[in-house]
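Welcome, and please have your viewer ready.

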Amino acid sequence: MIHVLEKFSNAIGVSGNEDEIRALIEETIKDHVESVSVDFMGNLYAVKPTKAKNAPHVLLVAHMDEVGLMVTGTESNGLLRFSPVGGVDSRLLVSKRILLGKERVPGVIGAKPIHLQDRNEWKSPLPLSALYIDIGASDEKEASAKVPLGTFGTFQTVFESQRDVVLGKAFDDRAGCSLLAELLMTENDEEYPVHITAVFTVQEEVGLRGASILAERVRPDYCIAFEGTTAGDVPRGVSESPSTEMRKGPALSFMDRTAIGSDKLINHFSQTAKIKNIPYQYKKTVSGGTDIGVIHIKGGIPSMVLSVPVRYIHAPKGILAVEDYKNAIRLAKEALMNFKEVL
Amino acid sequence: MKTLIKKVVETFGPSGREDSIREIIKKEIEPFVDSLAIDTMGNLHAVKKGAGARVMVAAHMDEIGFVVTHIDKMGFLRISPVGGVAPVRCLYQRVLLDNGVKGVIGVEPVKNNNEIDFSKLYVDIGAKDEDEARAMAGEGHFGAFLNEMTELNDLITAKSLDDRIGCVVAIEAARRLKKSPNEIHFVFTVQEEVGLRGARAAAFRIEPELGIALDVTGTGDTPESAKMPMKLRNGVAIKIKDSSLLVPKKVKEFFTAVAERNKIRHQPEILTFGGTDAGAINLSKSGILAGCLSIPTRYIHSVSETASLSDIEETVKLLVKILECDVKKELALE
Amino acid sequence: MKTEDMLKALTEAPGISGSEEDVAHLLRNYFARLTDEAFIDKFNNVIGIKKGTSSAGKVMMAAHIDQIGFLVHTFEEGGFIRIAPIGGHDPRVLPGQSVIIYGKEIIRGVIGTTPPHLQKSGDTGKVTALEELYVDTGLKEEDVKTRLQIGDPVLFDNVCTRMAGDYYSAAAMDNRAGVLVLLETLRILKGLKHQWDVYMVGTVQEEVGTRGGALTAYEIKPDVGIAIDVTFGDFPGIPDRQTSKLGGGGAVAVGPNFHPKLTERMIALARDWEIPFQKEFNPRPGGTDAVSMQIAARGVPMVQVSIPLRYMHTTVETLDLQDIRRAGRLLALFAAHIDEIHGEVVG
């Protein structure tokens with residue numbers, strides 16, 4: 001199960017340029033679903049119907065895009081200017097290796113050496129205006145030939161496995177994508193009692209854009225999003241909530257900035273978890289937004305989010321516990337297999 | 001050991017004026033060594049003969065203090081620090097000058113406590129005017145803080161545990177040491193607090209094959225303290241690093257192995273600031289393998305340095321066991 | 001072995017100040033192929049001696065083999081690790097960095113940060129001090145404590161990456177680039193005759209106080225010393241006068257730390273043989289092994305050549321490999337002529 005997560009995590013797909021990850025996902029699931037299609041924005045649709053009578057239509061979403069960078073300018077000395085794509089903490093950009101474009105041209109984001117700084121410079125983070133991507137080009141011509149304006153970049157991070165955790169980039173939301181892919185890859189004798197339309201969306205990180213056109217295209221009865229969300233169970237102030245915690249199971253969100261989760265759906269999941277003895281937790285903050293934000297308001301579709309806790313979600317390398325990932329798949333599968341109880 | 005500690009810590013001896021404390025240490029260690037000598041810098045060398053490796057055990061006799069730089073028009077003595085003295089820790093403390101005159105440290109009023117530096121401090125020796133002050137104690141006199149040792153539960157608190165406690169450990173170890181194959185130089189060094197100077201000179205002369213410094217180290221066991229692993233009562237601290245020295249792995253491993261096989265309570269030490277005589281020994285000539293056994297101490301460089309008697313005992317035990325080893329063999333020296 | 005392969009092997013070999021064993025062994029093996037005698041001393045300094053035809057004098061070339069990093073300092077509840085710095089770090093480059101801890105096992109982790117969603121509005125303007133940072137391995141507390149102990153070295157995860165042209169980027173270019181210059185010099189010296197014995201020294205603990213340089217210079221007592229290090233490469237926001245151009249050749253240092261006439265002669269050699277070079281001006285001694293070598297024992301006349309390097313003390317230090325080759329050529333020629341030069345200007 002981890003090798004799907006590994007492949008998805010290593011693939012490139014910054015918001016607006018999801019081709020590579022979409023092709024990988026399509027390849028992974030196409031033999032397990034009835035049909036696969038792509039819309040003009042790049043959302044990937046997979047339909048898995050059921051033979052059950054009067055079955056509800058459930059829309060399952062996970063977003064394919066990751067946060068990253070886009071090259072926006074070239075300097076005469078061959079250095080590149082860039083802008084972050086999605087919520088990248090700009091304090092994390094300095095001293096990192098980047099891969100640019102389809103060809104994965106290596107670049108680095110460096111900084112003025114400490115020896116040449118005065119003490120006050122250390123006190124504030126480097127502003128974006130002081131950062132450049134260096135690909136080793138000696139002038140503007142060489143730079144734009146190798147990396148034209150508009151090229152996207154991701155962190156050069158390779159997935160690693162270590163005891164009961166894995167480390168890698170873009171678990172937000174490749175963990176959600178691989179979870180959804182696993183749900184679609186049922187055995188021959190298994191069948192969900194619901195019609196499933198699974199959509200791997202684009203551009204979630206820049207404003208839930210891909211998901212915004214789904215409600216009218218799919219018109220489901222229910223919607224469930226699978227996400228990788230913040231695990232903040234790290235050293236912090238006494239009164240600060242960790243949001244979610246590693247090794248406490250998949251997380252149910254009762255509310256975030258874009259939606260209040262359907263309590264009926266959430267109860268179904270928590271009940272399923274209790275009956276099937278699957279650990280779960282609630283997300284203990286109400287920050288952030290997901291694709292269900294723009295889906296549920298179109299006519300009021302009951303929706304909820306199920307997340308895998310991930311530490312350092314918008315950083316070059318995140319960490320998740322394998323048990324949380326596996327329990328998330330288990331819980332989602334059981335909840336869907338027993339779905340008729342929610343009607 | 002408590003009586004010895006009390007005598008040693010309460011004696012006057014800032015860097016550069018270590019005569020009194022050296023005399024006391026000389027009398028205490030004399031019965032346990034084969035020869036005694038004082039070098040041109042003032043270090044006290046107490047040597048126990050042996051055919052094996054030459055080991056230098058260093059503990060510094062000097063304490064932090066101050067020197068009188070001038071006398072102001074009102075008869076107050078103006079001072080500069082000798083060693084790492086924080087101005088805020090001097091306020092209203094009692095002091096003793098090298099000629100026996102006592103005083104208290106006062107401070108000019110300031111709007112903001114951050115403005116307190118040495119230029120605002122002065123020593124009040126009770127002189128009526130500048131002339132009387134000059135007669136009682138002129139420029140160039142060295143001074144140190146005055147405080148008595150006392151016990152807090154199972155801890156002791158006193159001025160200059162740094163590094164009189166190291167001196168006591170050396171004396172005690174010399175007393176308890178029965179047989180050793182090594183040639184041991186117990187060196188009670190001067191002027192550590194102003195730049196590890198005594199140790200530098202001593203190591204240059206002695207050229208030991210192993211250096212062992214005995215000093216205090218900080219702890220991470222008080223409210224909001226810097227996050228350090230050392231804690232009182234967790235045993236002798238075996239140094240891994242401080243700002244003057246990265247202890248060579250085989251030295252640290254040797255000390256740790258001796259502690260383990262003798263069931264001596266010990267803890268690892270990383271100090272992100274501060275240095276010891278071991279740093280000076282390490283960088284002598286072509287380099288000398290050196291390490292440090294440290295006594296965890298709270299409130300270092302204050303008049304109330306506080307340590308655990310059990311940690312001090314473990315330090316003595318470990319030093320004795322190390323000195324009883326065949327150091328040449330243990331460290332695979334040619 | 002190719003220069004670029006040695007660069008990769010050298011930058012990726014672990015060796016923070018005080019824990020240089022692995023890189024020392026690698027270098028000793030390289031020296032063994034290129035010198036007459038190669039050994040490691042008790043502090044892990046690596047020495048390779050190439051005998052000259054007359055052995056009438058000794059020239060010592062030193063490059064430090066240690067890199068900056070951290071030590072495991074304390075463990076916290078939850079298995080998080082506080083770190084103590086080894087060498088100088090800009091705290092701003094640390095959050096989000098991938099690190100490797102060399103304990104009983106090799107464990108990977110990241111330097112942790114507050115996620116954007118949980119930050120308060122004032123946070124984006126704040127830099128987290130080093131003491132407040134921690135390493136997260138993701139492992140449970142008991143798994144961390146059985147595999148790691150206080151004092152274990154923590155290094156940046158390092159991949160030597162080839163960029164455009166002959167540019168390469170990696171952590172620890174400071175000063176594995178300098179070490180590579182020693183090897184380039186030896187390769188060229190193989191084909192040249194030289195009178196004096198050449199001592200190639202990979203020094204330890206430069207980043208914490210140029211310690212290895214002091215000890216080895218004291219031991220060897222060379223007649224001439226050459227320090228090889230890295231220097232600040234050109235970058236926007238730094239005035240040109242403080243930097244050297246990548247691709248401009250090695251930077252020869254001018255200043256009180258360096259023997260003026262020996263330095264002049266090195267520059268003359270570079271001009272005569274048309275080897276690209278630059279000058280850098282150091283008004284005060286400090287910052288490389290030259291500072292302690294110059295005053296070791298009875299003193300050593302010094303020269304220094306440095307490789308221009310962008311982003312020093314980050315994980316993405318970047319240089320032009322050609323500069324390393326140019327410096328190697330210059331130093332080999334200098335070593336071949338040093339007996340003559342020394343006689344004329346030092347006497």
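**Stop one: two domains in chain B**

Start by colouring chain B by domain: domain 1 covers 2-63 + 159-330, and domain 2 covers 65-145. These bounds come from an automatic or database domain assignment. The centres of the two domains of chain B, taken over C-alpha atoms, lie 31 Å apart. Where they meet, domain 1 of chain B supplies 13 residues and domain 2 of chain B supplies 14 residues; a contact here means that two C-beta atoms, placed from the backbone, lie within 7 Å. On the domain 1 side of that contact you will find 4 nonpolar, 5 polar and 4 charged residues. In this scheme Ala, Val, Leu, Ile, Met, Phe, Trp, Tyr, Cys and Pro are nonpolar, Asp, Glu, Lys and Arg are charged, and the others, Gly among them, are polar.

Before you go on, note that this is a predicted model: local features need pLDDT of at least 70, side-chain atom pairs count only at pLDDT 80 or more, and totals for chains, interfaces and linings use all residues. Residues are numbered from 1 along each chain as its sequence is written, while chains are lettered from A and ligands numbered from 1 in the order in which they are written.

**Stop two: a loop tyrosine**

Now select Y299(B), in the loop between β17 (289-298) and β18 (305-308) of chain B. Strands (E, at least two residues) and helices (H or I, at least four) are DSSP runs, numbered from the N terminus. Leaving out residues up to four places away in sequence, Y299(B) touches S304(B), E305(B) and T306(B).

Most residues other than glycine have a negative phi, and most peptide bonds are trans. Go to R104(A), a non-glycine residue with a positive phi of about 55°, in the loop between β6 (96-100) and β7 (105-109) of chain A. Next, A332(B) has a positive phi near 50° and follows α9 (327-330) of chain B.

Finish with two cis peptide bonds. One joins D172(A) and D173(A), with omega about 10°, and D173(A) sits in helix α4 (residues 171-184) of chain A. Another runs from D174(C) to N175(C), with omega near 10°; N175(C) belongs to helix α4 (residues 173-189) of chain C.
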